[in-house]
Structures are given as structure tokens and as C-alpha cells.
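Let's take a walk through this model, one chain at a time. Keep the viewer open and follow along.

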Amino acid sequence: MKWLKRIGLALLVVLVGLQVIPTRTNQSTEVASSDFIKTNKVPEDVGRMLLTSCYNCHSNNTNYPWYSRVQPVGWLLENHINKGKAVLNLSEFGGYSVRKQKSKLKSMANQIEKDEMPLSSYTFIHHDARLSQDSKKVLVDYLNALQDSL
Amino acid sequence: MIVLCLAIVSWGASAQMDHAKMGHSENGHSNMESKMTQKANVSPSIKVEHSLSATTIINNYLLLKDALVEDNGKKAASSGKMLLDVLGKFDLSSQPAPKQKELKDILDDAKENAEHISENGDKIDHQREHFEILSTDIRDLIVIVGADRTLYQIHCPMYNNNKGGNWLNESKEVKNPLLGTKMPKCGNVIQEITVK
């Protein structure tokens, strides 16, 4: 039992040590002019859905949960956000070419409709990010209409 | 400590759930006949310049298309990778200056779609979503830079819950890459792209 205690203690020391390493946060103080909600004058209900269900991983502004301050969970989250922003950054949407905007709108509608997004690993913890059938329809219809209008 | 462990375990478990729900079926077959008879917007044939500048792009696009016809996601991924490579080698500077901006937008979008296809060999539905967008990019590219062969734009009204989708084919014969072996015959020629 002695070695088990030692390993446990060593693990604890490592985990505590990890907590003091500083992490970068994905937060900006102002809303960019290229922001999706701003440039497209998105209606309030749709904007709210986007902010709750999409913006945390697909924009330059993450509303961090408490456990993001616990490592290594925080790093996993950071990695997740970087990947999300690489494929779609709603803070920079207005700066995309019209072609890219149309492609992204199509992909967004598809991913939401097929329940691929928001990720189940995300809604598993963030219940408020789940989209009901009604919300999904409102959001997808809006994205399709916007795509046709561009 | 316990909370931390729980958080890590739940993260891993839910990540696995994401993988487990891949490969769901495309859409229902209700309203099939009524949709099949619906006419898509048929545009007149168009003529493009004879050019070899898009030859390798067309070759790899058609290989990708054939892989999707066979429901072969792995092959589609490797064709997508090759397409990504040749798209990256396209010589923009040899094109007329006023067209370069639009061509760059097309190439950027096409590359992004090809990249997604190359990275999702185990998610054929996702590959097909990007293939459908990619097909519009390749068509628009050819209209500007020209082609070395006749191509046909084919429309399947049943794709994506009857929203429909288009692709390019080397012949009029319909073998559907968007629905694959589930619905190989869905589609009709909406535009013939011939070379001057």
C-alpha cells in the first residue's frame, strides 16, 4: 500500500502543479464589425441561440465555464476552441468572401439539422446549449434564408 | 480531485458518443415520386474556353466523385487530398487580372471543402456535404478558366431532405455521388458545359 500512496501523492503534486501554469483565454472586449450577428442584423431570438449554442467555440469570445480553470480540462477546451475557430469564426464572418459565407451558412444549417452541432460532448455539460426541435427549425430556416439573400 | 476526474471521464465518454453516431442515413424516401418528377432549373448549355489549366483539378474531382458513387469514404479522402494538392498548385497569376479576385475566392473555398473531405474518411455523409459545395466551386472555376472536355452538371432533387444538390459528371449517365449506392439513379442533366 505504501507505493500506492506514493503514486497518489506524486499525481496530486503534478495536478496541483499544473494549475499554476498560466493559460491564454479566448476573450475580446469589443464586438468586431465583422461579427455575424452585427453584420447580418440577426433577429434577437436567433442571435441568442447563436450566442448560447455556437459562439463559445466559434468566435473570439468564449463564455468560460468554472471548470475551464481546472487543468488539464482548460487545455482540452482551448484546443477545442482553436479547432472550432479554424473552421468557422463568427467574429470574422463579415470578412469572409460571399462565396465562403454561403458555403459556411450551408454547412451550419446542415450540421445543426443533422444534430452534429452543437457537439454532444458540449451539450452533455452545457444543457442550455441544446437546441430544441423548434429552435433548430427557426435557426436553420434563418440560415437558409440568409444564404439565399447573399 | 473527484470532480476533476469526473470531468475528464465525462469528456472522454461524450467524445466517443460523437464518433458512435456517424453514418446515419441520409433521408427518408417519402414523396419520392412527386419529387422525382419535379423539374430542376434547367439552364441552356454553356460553352467555355478550351484550356488545360484545370485538367488536373477536373481529373481529381472526377476520381473523388467516383469514390463517393461507390460509398468509399477512404478513397474519397485520398482523392480529396490529391485534389487539395492540385488546387494549391493552380497558377492564379496566369489568369486575367480582373478575374483573379473571384478565382481566389473560388479556389480558397474549394480547398477548404477538399480539406474537409480528405480529413473525414470515416464520415461519408460529411464528405458529401462538402462535395456538394465543392461541385459548385469547380463548375464556377471552369466557367472562368475553361476546360479540356465536356462536362455535365447533374441535379438530384432528393439529396439533403429534398433540398437537392448538384455535381459534375464526364457523361450524361447518372451515377449519384451524393446518395451513392442507396439511390444511384437519382439525377438529371441540368447543364451541358462544352468546350469551344
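Start in chain A, at Pro118(A), which sits in the loop between α5 (98–113) and α6 (120–123) of chain A; helices here are DSSP runs of H or I with at least four residues, strands are E runs of at least two, and both are numbered from the N terminus. For Pro72(A), look in the loop between α3 (44–53) and α4 (73–87) of chain A. While you're in this chain, check Lys41(A): it isn't a glycine, yet its phi is positive, at about 45°. Its place is the loop between α2 (36–39) and α3 of chain A.

A word on what you're looking at. This is a predicted model, in which local features need pLDDT of at least 70 and side-chain atom pairs count only at pLDDT 80 or more, while totals for chains, interfaces and linings use all residues. Residues are numbered from 1 along each chain as its sequence is written, and chains are lettered from A and ligands numbered from 1 in the order in which they are written. The predictor gives the complex an ipTM of 0.79 and a pTM of 0.80.

Now over to chain B, where pLDDT (the predictor's confidence in each residue, from 0 to 100) averages 84, and 78% of the residues score at least 70. Residues 1–39 of chain B are another story: pLDDT is below 50 there, and the stretch has 31 contacts in the model beyond near neighbours in sequence. A contact means two residues whose C-beta atoms, placed from the backbone, lie within 7 Å.

Next, the sheet. Its four strands form an open, mixed sheet in the order β1-β4-β2-β3 (chain B), where strands pair if DSSP finds at least two bridges between them. β1 and β3 (165–169) of chain B stand at the edges with a single partner strand each, so one side of each has no neighbour in the sheet. From one strand to the next, the twist averages 25°. α6(B) packs on this sheet, touching β1, β2, β3 and β4 of chain B, and its direction makes about 50° with that of β3(B).

Zoom in on the pairings. β1 (residues 46–48) and β4 (residues 188–195) of chain B run parallel over three bridges, with Lys47(B) opposite Thr194(B) in β4(B). β2 (residues 151–156) of chain B is antiparallel to β4(B), and five bridges join them; here Ile154(B) stands opposite Val189(B).

What packs against α6 (residues 124–145) of chain B? Helix α3 (residues 55–69) of chain B does, at an angle of about 150° with the axes 12 Å apart; axes are lines fitted to C-alpha atoms, for helices over the stretch in contact, and angles run from 0 to 180 degrees between N-to-C directions. That makes α3(B) roughly antiparallel to α6(B), the label for angles over 145 degrees, with under 35 roughly parallel, 65 to 115 roughly perpendicular and the rest oblique. Ile57(B), Tyr61(B), Leu64(B) and Leu68(B) of α3(B) make the contact with Gln127(B), Arg128(B), Phe131(B) and Ile138(B) of α6(B).
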